[in-house]
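Open the model in your viewer and keep the sequence beside it. This tour goes from one selection to the next.

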Amino acid sequence: MNGTGDEVKLESLVILSQDVHAVFGGVVPEIASRAHLTSIVPVVNKALSDAAAELDDIDAIAVTAAPGLIGALLVGVCYAKSLAFTRSIPVIGVHHMEGHLFATALEHRDAVPPFTGLLVSGGHTLLLDVEAWGTYRLLGATRDDAAGEAFDKVAKLLGLPYPGGRHIESLARSGDPARFRFTRPMVRRNDSRGSDDYFQFSFSGLKTAVLNAVHGSTDIETDKSHIARGFQDALIGSLVEKTFRAAKEYGRTRIVLGGGVACNSALVEAMRERTKEIGATVFAPKPRLATDNAAMIARAGLFHFERGEKSDLDLNAFASQPIPGLVAA
Ligand code: KG4
Ligand code: ZN
């Protein structure tokens, strides 16, 4: 990452293969942290060589400090602190979801505040009103499963590989939307701004409805694509409706999507369609920046660095932590 403010250039982007997780049908924490240990040095070296840079060229190191699997986070935090200490440069702890929020801006110059942000990953579903970078009004989150988690669990029910989001998406393409209709979670016709669930999400009930449909099917091979379609439509319907409400309420004409589920083109299309009437532009990152990557962490780190914010060498990793910069909703 090179540059200042919103004018930054991506010099390298090394994506670490997640094949190790596919083998086990999910992330095994101990295996993930061991994979981090063995990969961190070669990955950093590769990033430097792709960028034709040397450690001497680096002004600051950004590292994901929370939230996530503690073992994997600790590997990164310890390595980043040691490297920063030996080079006498600052280290900046970054919140993983703040990284996702910045990812789209790396590709789209206009994906900058003020905007309505929807972050949909394997562990989180966050609806935010972003007045300015670093000032986040949290409007809604999931009460149970995250959107990506719901995709992964339903994929498992349908016998698809992990991570299942993209497999559901491609299966759903050939599915008939009318064969299995599931209720859009937490969306009611008479919802009003004052109601508790107005901006909130919940996906575990939908997952159970899918499970019942799978069990009730007499020809699952044929029904599979129709169930995937019904599930995806319902989940997307909920994400889109809540985001539309937020953009309308706060008068935002930009909507920024982030997190692995933002790879889903049916989601992006549905969001564009629904928010046309308020004249909103929907920005979605390309898959390489939507799913977990180091560039988004560097971008968020740069923002803090330019504000003169850095971490001390007692920086620690945390499994869960609210996104920084929260203001009252
Ligand atoms: O942000 P991310 O890479 O990692 C986390 O921070 O969790 O998100 C991973 C999630 C997985 O649940 C995966 O199934 C989902 O993103 N995902 C998708 C698609 N591609 C990835 N979900 C729906 N449709 C997709 N095309
Ligand atoms: Zn993520």
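Where does M186 lie? Select M186: it lies in the loop between α6 and α7 (204-216). Helices here are DSSP runs of H or I with at least four residues, strands are runs of E with at least two, and both are numbered from the N terminus.

Before going on, note that this is a predicted model, in which local features need pLDDT of at least 70, side-chain atom pairs count only at pLDDT 80 or more, and totals for chains, interfaces and linings use all residues. Residues are numbered from 1 along each chain as its sequence is written, chains are lettered from A and ligands numbered from 1 in the order in which they are written, and side-chain values use heavy atoms, with hydrogens and water left out.

**Two positive phi angles**

Stay on M186. Its phi is positive, about 65°, although M186 is not a glycine. Most residues other than glycine have a negative phi. M186 counts as buried, at 15% relative accessibility. Buried means under 20% relative accessible area, exposed means over 50%, and partly exposed is in between (1.4 Å probe, protein chains only).

Now select S88. This residue sits in the loop between α3 and β4 (91-95). Phi of S88 is near 55°, again a positive value in a residue other than glycine. Is S88 buried or exposed? S88 counts as exposed, at 67% relative accessibility.

**Two cis peptide bonds**

Go to P113 and P114. A cis peptide bond joins them, with omega about 0°. P114 is in the loop between α4 (96-103) and β5 (115-120). Next, pick Y162 and P163. The peptide bond from Y162 to P163 is cis too, with omega near -10°. Look for P163 in the loop between α5 (147-157) and α6. Most peptide bonds are trans.

**Helix α6 against helix α8**

Show α6 (residues 165-173) and α8 (residues 220-249). Their axes come within 7 Å and cross at roughly 110°. Axes are lines fitted to C-alpha atoms, for helices over the stretch in contact, and angles run from 0 to 180 degrees between N-to-C directions. The two helices are therefore roughly perpendicular to each other. Angles of 65 to 115 degrees count as roughly perpendicular, under 35 as roughly parallel, over 145 as roughly antiparallel, and the rest as oblique.

Which residues meet in α6 and α8? I168, E169, L171, A172 and R173 in α6 meet K224, S225, A228, R229, F231 and Q232 in α8. Contact means heavy atoms within 4.5 Å.

**Helix α2 against helix α3**

Switch to α2 (residues 29-50) and α3 (residues 70-87). They pack at an angle of about 30°, with axes 8 Å apart. That makes α2 roughly parallel to α3. On the α2 side, select S33, H36, L37, I40, V41 and V44; they meet G71, A72, V75, G76 and Y79 in α3.

**Cysteines**

Select C78 and C263. C78 is partly exposed, at 43% relative accessibility. C263 is partly exposed as well, with a relative accessible area of 28%.

**Last stop: R274**

Find R274 in helix α9 (residues 265-275). At 26% relative accessibility, R274 counts as partly exposed. R274 touches V240, E241 and F244, not counting residues up to four places away in sequence. R274 and I70 are 204 residues apart in sequence and 38 Å apart in space, C-alpha to C-alpha.
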